[in-house]
Amino acid sequence: MKNKISGLVSGIIAVFFLAVLALVVIDSANKSRYDLPDYGSIPHFQFIERSGIPYGKTEMEGKINIVNFFFTSCKGPCPYMNSQVAKLYRKYATSQDVQFVSISVDPQRDSLSILQNYATDFGVTDNRWLFLRGPMDEVEILSEKGFMLGGELPDLHSTKLILVDSAGHIRGYYNSYNENSLELLTIRVRELLKKM
Amino acid sequence: MTEKKMHQFQRLSVFTTVATFFLIFVGGLVRVSGAGLGCPDWPKCFGRWIPPLHAEDLPAGFDAQSFNVTLAWIEYINRLIGVLVGFLILATAIMAILYLRRQRRILIPAIFAALFVAFQGWLGSVVVSSLLEPLLVSLHLLIALLIVSLLIYITQALHYLKDGLLPKSTAVNKPLRNWIVILWVVALFQIVIGTQVRSQVELILSDFPLLFGLQLIERIGLINYVHSILGILFMALSIIVALMLFKKSEFRILGVVIVLLPLLQISIGSAMEIFGIPALLQVFHLWVASLIIGVILIIFTQLSYTEG
């Protein structure tokens with residue numbers, strides 16, 4: 001009998017120990033995911049959206065933004081990059097809290113109507129995916145100084161997707177050519193959403 | 001084999017069995033905390049035998065974005081415990097080869113346990129390189145259950161060997177043993193379904209990353225119902241087995257345990273439905289499943305050796 005009782009007691013202690021271990025591990029794993037790097041705030045800017053309304057940092061605030069730079073006549077990486085963005089756009093169809101911001105690096109050619117057609121080609125039906133056009137010099141400054149991206153515009157623009165949180169802070173850069181990186185992006189968006 | 005050696009072997013096999021159950025718990029914890037890809041490579045972690053502590057220490061070729069020091073270490077500690085358990089099982093097999101060569105019913109399971117554990121280590125690397133393909137993750141769990149079953153059998157066989165007991169003829173306790181086999185098959189089947197429920201949750205999350213808790217459960221669909229109904233069926237089966245066990249004085253405690261564990265398991269499962277799959281409950285749900293498999297094996301072996 002004594003044996004059985006001590007067996008039961010050590011069993012209970014073991015389960016208690018396991019529960020504490022599990023809580024600590026799960027909690028630190030969760031915290032480590034919330035703990036996204038913060039690359040600082042993006043600067044204030046205001047461009048024009050394809051619909052003709054002014055759009056900038058103020059409009060990005062309060063939402064989780066996935067930002068990229070592109071131009072419509074780009075035959076290289078842009079179509080693939082934006083097809084990946086389109087996938088995400090469809091994935092987040094049920095949420096108004098996640099939006100996509102694509103900024104043209106060739107405002108000379110990319111008129112609002114061209115941007116509108118480009119959006120339609122990618123299956124954009126609502127205003128969760130925004131296409132912005134602004135003066136070239138401002139776009140250059142925003143890309144280089146604001147988003148800290150390299151590359152001569154327009155041809156050598158970055159193919160990174162940039163995660164910007166609801167406070168307008170850059171929280172990560174993701175490679176649109178890498179499935180793992182995109183997977184990571186969706187995990188990060190989920191964590192940011194939990195916090196909102 | 002001297003009595004002293006026998007005693008050492010017994011202690012080794014008990015310790016190895018307990019350590020394996022602990023490893024199954026840790027493995028579940030890795031799964032639930034989402035640390036399975038904490039190290040993108042295998043067996044090293046970010047190209048190092050000791051994972052880096054800071055993103056700046058990453059060797060060239062690794063993306064700093066994918067580095068999370070907490071997840072890397074959770075996964076790596078799982079691997080280290082896995083290696084330790086692997087060595088314990090290897091030691092068990094070596095003991096059996098050295099001292100119990102003629103006891104086939106101990107030697108053979110011990111060698112198989114060692115072979116399975118080597119396979120399990122290799123499978124671990126495949127799981128990582130497959131980016132946690134659901135079927136492979138489930139197979140990884142099933143092999144773990146198989147290994148722990150062999151270890152339980154070895155531990156008990158050693159115990160009976162020491163007392164000079166041999167397995168009874170298969171005619172002894174036949175109907176009850178048949179029931180136990182059915183219980184074991186249903187349990188394994190139920191575990192496979194359970195892993196598929198989990199995979200389904202992940203599939204839903206990859207399509208609808210915005211669903212949380214209860215909304216998520218609603219979408220799991222058919223397989224979740226199957227899992228619940230089979231759980232109740234298993235409970236009923238275990239009550240039948242328990243009633244039969246109660247008639248044998250030596251089996252009363254096991255009879256209680258084989259009812260209490262499924263009851264606990266159903267409670268955890270129901271709590272997961274109510275509270276939206278909290279991580280802590282997931283870990284225990286998986287672990288209690290492994291305990292149930294263990295208890296079924298203990299009962300079966302004991303029934304093979306004693307008339308009760």
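# Close-up views of a two-chain model

**View 1. The two domains of chain A.** In this predicted model, the centres of domain 1 of chain A and domain 2 of chain A, taken over C-alpha atoms, are separated by 45 Å. The domain assignment places residues 1-35 in domain 1 of chain A and residues 46-195 in domain 2 of chain A. Along the principal axes, the C-alpha atoms of chain A fill a box of roughly 90 × 30 × 30 Å. Six helices and seven strands make up the secondary structure of chain A, and read along the sequence they follow the pattern α-β-β-α-β-α-β-α-β-α-β-β-α. The radius of gyration of chain A is 22 Å, well over the 16 Å that the globule rule gives for 196 residues, so chain A is more spread out than a compact globule. Of these 196 residues, 37% count as buried, and among the contacts in chain A with a separation of 6 or more, 67% are accounted for by residues 24 or more positions apart.

**View 2. Strand β4 of chain A and its surroundings.** Strand β4 of chain A covers residues 98-104, and seven of its seven residues are buried, so the strand is largely enclosed by the rest of the structure. From β4(A), the residues A:Val98, A:Phe100, A:Ser102 and A:Ser104 point one way, while A:Gln99, A:Val101 and A:Ile103 point the other way, and all are buried.

**View 3. The strands that pair with β4 of chain A.** Strand β3 of chain A, residues 64-70, pairs with β4(A) in the parallel sense over seven bridges, and within this pairing A:Ser104 of β4(A) is the bridge partner of A:Phe70. Strand β5 of chain A, residues 129-133, also pairs with β4(A) in the parallel sense, here over four bridges, and A:Trp129 in β5(A) stands opposite A:Phe100.

**View 4. A:Leu88 in helix α3 of chain A.** The residue A:Leu88 is found in helix α3 of chain A, and with 19 other C-beta atoms within 10 Å it is partly exposed, because a residue counts as buried if 20 or more such atoms lie within that distance. When residues up to four places away in sequence are not counted, A:Leu88 touches A:Ile66 and A:Phe100. A:Phe100 is also one of the buried residues of β4(A). A:Leu88 and A:Leu185 are 97 residues apart in sequence, and in space their C-alpha atoms are 9.8 Å apart.

**View 5. The contact between chain A and chain B.** The contact takes 22 residues from chain A and 20 residues from chain B. On the side of chain A that touches chain B, the elements that give two or more residues are α1 (2-34), β7 (170-175) and α6 (179-195) of chain A, and α1(A) gives the most, with eight residues. By class, this side of chain A has 12 nonpolar, eight polar and two charged residues.

**View 6. Chain B as a whole.** Chain B has nine helices and zero strands, so that its pattern along the sequence reads α-α-α-α-α-α-α-α-α. A compact globule of 308 residues would have a radius of gyration near 19 Å, and the 21 Å of chain B agrees with this. The C-alpha atoms of chain B fill a box of roughly 60 × 45 × 25 Å along the principal axes. Buried residues make up 35% of the 308 residues in chain B, and of the contacts in chain B between residues at least 6 apart in sequence, 74% join residues at least 24 apart.

**View 7. The contact between the two domains of chain B.** The domain assignment of chain B gives domain 1 (1-166) and domain 2 (169-308), and the centres of these two domains of chain B, taken over C-alpha atoms, are 23 Å apart. Their contact takes 19 residues from domain 1 of chain B and 17 residues from domain 2 of chain B. On the side of domain 1 of chain B that touches domain 2 of chain B, the elements that give two or more residues are α1 (3-32) and α4 (134-162) of chain B, and α4(B) gives the most, with 11 residues. By class, that side of domain 1 of chain B has 14 nonpolar, five polar and no charged residues.

Note on methods. Residues numbered from 1 in each chain as written. Chains lettered and ligands numbered in written order. Predicted model: local features only at pLDDT ≥ 70, side-chain atom pairs only at ≥ 80, totals over all residues. Rg over C-alpha atoms; globule rule 2.2 N^0.38 Å. Buried ≥ 20, exposed ≤ 12 C-beta atoms within 10 Å, placed from the backbone. Contact = placed C-beta atoms within 7 Å. Domains from an automatic or database assignment. Nonpolar A, V, L, I, M, F, W, Y, C, P; charged D, E, K, R; others polar. Pairing = 2+ DSSP bridges.
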